[in-house]
Every structure is written in C-alpha cells, then in structure tokens.
Amino acid sequence: MQQTQVDGVPVFWRQGPEPLTATLAFRVGRRDESFVQGGITHLVEHLVMRALGKSHLDTNASVDLGGTFFTATGRPAAVGAFIENVCRTLADLPVEALAVERDILMREGGTVSHPLDCVALGERYGARDAGLAAFGVPALAGLGPGELRAWAARYFVVENAALGLTGPPPEGLRLPLPTGERNKRVAVTPRDLPWPGWTEGPDGVAVAFEATFSTALMAGLRIALDRATDEIRHGRGHAYELDFVGRSIDPSTERSHVTFWADAAPRQAADVANALLEVLGALAADGPTAEELTHDRDGMLAAHEDPRAVEGAVMSRAASHLAGREHQTEEQELMEHRELTPAAVAAALAPVAASALVLLPDGVELDRPGFTYLPASAVPALDGRRLRRRLGSGAPRGAELVLADEGLTLLFGKGPTTASITVRWDDVVGVGTDDDVLVVQGGDGGAIPVRAGDWRGGEAAVAAVREHVVPELFFVEPPDEESGVPGPRRDR
C-alpha cells in the first residue's frame, strides 16, 4: 500500500486492474446529524452530483451511517478531473436545485443500511447517533440553503477527507478542499433496556448484538453465516437471503454493532430467530471446528489474491484513517488468522448473548428463556397531572397522558400490566407537526403524539410542548411513506 498527500488530503493507492477507480471519502454520515437535520449530508451529496452533470465515466456517490463517498472509474486524467470538481463543488455548494433534490431524497426515505439493521440500531441506541439510521429524514423539507452550505463548510474539509486509488495518483491531481476541524465523535450508549430481548421489526428476522472487533470475531461471524445458511436455507428452506453487517460504534474501544438478518416469512420467523441464536450460541460455547477455520482462512486468502480486491483494500485503509484507528494490513490479518484457535473465536462471540436483540414480524412472538419483550421506552414514567382520554378520540382505549414538570408520559393498560412511553423535556430531539397533532420525539427513541382533542385538558399538554421545546426543533411532519420515519412503537 502506497501513501502520499495531495493538498493536505491523505491518498492511499495500490496498483490494480485498469481502469483506474478513485473514491473520495469523508468522515460524515447519518450518525453525525441531529434528528431534525436528517438527510442533510445526503442532500449535499445529491446537489454535488447534480452540479457535475453527465459524464462518460462510471460515477457514483453514497452516504451511509458514518461516511460520504464519491467514486469514479475510467481514464486517469478524467477521473482526476472528476474528483477535483467534486472538491470545488463542495467548497462552493450550488443550491439552486435544492427543492428538486429534496423531493427526490424524500422519496428515497434516507435509508443508510438494510432495513432490519436500521431498526436494530434505533432500538439499541434511540434517536441519536447510530440510532438515527431508523428514523429516516423526518424534517428534510425544512432544510434551507444556508444550512446546507454551512454543513458542507463544516464537514467536507481536508481534515475529514481521504482518497483511495487503484493506481498512482493522476498527473496534476488537485484536491482543493477548504481546511477546517476534524469531526469529533462521542461513543453512543445503548438504551437502558433489559437485554437480551425482542420486539417487532420490518419483514424478515434479525438478531443484533454488540461485540468487540477482532480477527477472531470476524472469523466467527463468517462461520456463523455459513452454518446458518446450511441450516436455515439449505436444510429447512425457511429463507433465501441471509447475511450480516458489522460496524464500529467506538473505534477507541473497537466496540461494534452486528446485525444478522434473514428474509423469513412470518410463519417461520420464530424458528429462524431461534436457529440463528443457536448457531451463535454453539460457536460461543465450543468455537468452530478446525475444518471451518481452515475453510474460512482459505476463503480470505483467495479474496486477498483476487486482483479485483484492490479497490476494497485501499478503501479499507482510507476508512481506518478516517475512523482514527490503527489499520491492520492484509498480511497481519492473515497471520492472526493462521494463529486463531476455536477457543479464541468462542471468546470473541461470548458477549453476544448478553446484548442480543431479536426483531420479528408484527404478531410473531419469541418464546425463548432469558429473552423478554422490550418496552418501547427506557425512561421511567413521570408523576404529574393525569389527562384522561376523551370519548371518540384517536388515543388508545384506556390510555392516559401524564403532564409533568419534567416532560410527558403516555400510559397503557392497568395495574401490573401498565406500560409507558416517556419523553422528558430535556431529551426532546424533534416535534413533528401534522395538522392539529404534535409528535414529540425523545432521544431515547420513544415518541408521543399530542392532540388537544384526544384528552380532557389536552390544551394544557399542547401548550406545555410549545413552552418547553425550542422552536428550532419543530418541523412539518411529512407523510410516513415519504419520511421513512416509523411511528411510535407501543407496548403490548
């Protein structure tokens, strides 16, 4: 791997097959936005690509949870010109087509990963940082030209950039980005819920958990996927697609979040979830066989030797730089893999059970020892003035709205079966307005719809929301099919 620098931007390259591919990456993605800024990074990317216009190059751009990427493949001179124009456009962002691109992005819904992975992140981390993956782009319609330009000026700077190339830098390459400050991130904390647990998600099945990144963990995950595919797809025929995604949550500690998913039908969902958990549990108890470790190592070696793997290798190096973590070379990874033991893989997977989250289709339940149905809110219910439901209102039957000095609580059920969603004033991240309804979104992940006509004394609740929440957090709520925002989850 070769490393150089162009206009202060680190450049990583290795000779690969022609034509040249270049990816300019930035350390800014969905997790860096606030709830009401959702989609602002993606909108910047859309405006840049629109301004660059048509090209004979193979070009693409994308935004995920933690990064933004501009890619071009073709002749070196043309690739270099494209990447340079990306930098110039970011430094002077054109916003004339903002309304059009905003509408396009609202149709996309702001998805940054597989839907099951997005929901799993939201369930674990709430409506902030990595958990924002679950909440779409609720306030995109309110973002204006000034906010877009300020966002580009803050995050699309030299200190947040890296370039990966599958060949030497094109002659005369320039990367004219402004200078600024490196994007600082604080490790996100999981919600205070009774893990392990389960709840509803979109179609399919997911098993998600936290673990510490290592060569042993990655080997264990790949082997788990092989075992699960053999059991669930080939053995039972209960799913066609199975896969997993893992991502760093805190590079300083290598804490990572992993989601396994399968496209199982509802009638088979509980069996598939249990099968995934049993595969992971067996590996955590006994580790893989020697044959499985050998097969996994041979697969890694074949992948590294494939000339087409150069693009992934240079981008892995650039990603390590942007994440601020020490990069493990392919040689180091293979050497560690040769020394792996079944016990090491078992140890890497041992924490899985304690933090496991299972997502099942609506109406499907998980009957498994140690797993509880997760409440919608991790925040304790508040004491205060209880507002009773008005006849004919849209509030759930038997529900009560508690108006307290510290915030709001929505109560469901009676006696020992009472459940609640609580949003404290100091944890409000957004308030969606839809006709006469205020949807108060808490950073914990719970949301409470407040309509004056639903409650006896409901006018006081509406007034309290407007009194305690700053105007900047109010936005017009778009239709659900356009925003990608899930409705507030209610306890059973």
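Modeller: Buried means under 20% relative accessible area, exposed means over 50%, and partly exposed lies in between, with a 1.4 Å probe and protein chains only. This is a predicted model, in which local features need pLDDT of at least 70, side-chain atom pairs count only at pLDDT 80 or more, and totals for chains, interfaces and linings use all residues. Residues are numbered from 1 along each chain as its sequence is written, and side-chain values use heavy atoms, with hydrogens and water left out.

Biologist: Why is histidine 56 called exposed?

Modeller: Its relative accessibility is 90%, and the cut-off for exposed is over 50%, so histidine 56 counts as exposed. This residue lies in the loop between α1 (40-52) and β4 (58-63); helices (H or I, at least four residues) and strands (E, at least two) are DSSP runs, numbered from the N terminus.

Biologist: What makes histidine 238 count as buried?

Modeller: The relative accessible area of histidine 238 is 17%, and buried requires under 20%, so histidine 238 is buried. Histidine 238 is found in the loop between α6 (215-235) and β9 (242-250). With neighbours within four places in sequence left aside, histidine 238 is in contact (heavy atoms within 4.5 Å) with Ile232, Ala264, Ala265, Gln268, Asp271 and Val272.

Biologist: How do you know that the buried residues of helix α3 line one face?

Modeller: In α3 (residues 98-108), the buried residues are Leu98, Glu101, Arg102, Leu105 and Met106. Seen down the axis, they fall within an arc of 145°, so they line one face of the helix. The arc is that of the directions from the helix axis to the C-beta atoms. In general, an α-helix has 3.6 residues a turn, so residues three or four places apart point the same way.

Biologist: What puts the buried residues of α13 on the same side?

Modeller: Helix α13 (residues 458-468) has Gly458, Ala461, Val462, Ala464 and Val465 buried. They cover an arc of only 160° around the axis, which puts them on the same side of α13.

Biologist: Why is the protein chain called as compact as a globular protein of its length?

Modeller: The protein chain has 14 helices and 20 strands. Its radius of gyration, taken over C-alpha atoms, is 24 Å, close to the 23 Å that the globule rule (2.2 Å times the number of residues to the power 0.38) gives for 492 residues, so the chain is as compact as a globular protein of that length. Of the 492 residues, 54% count as buried.
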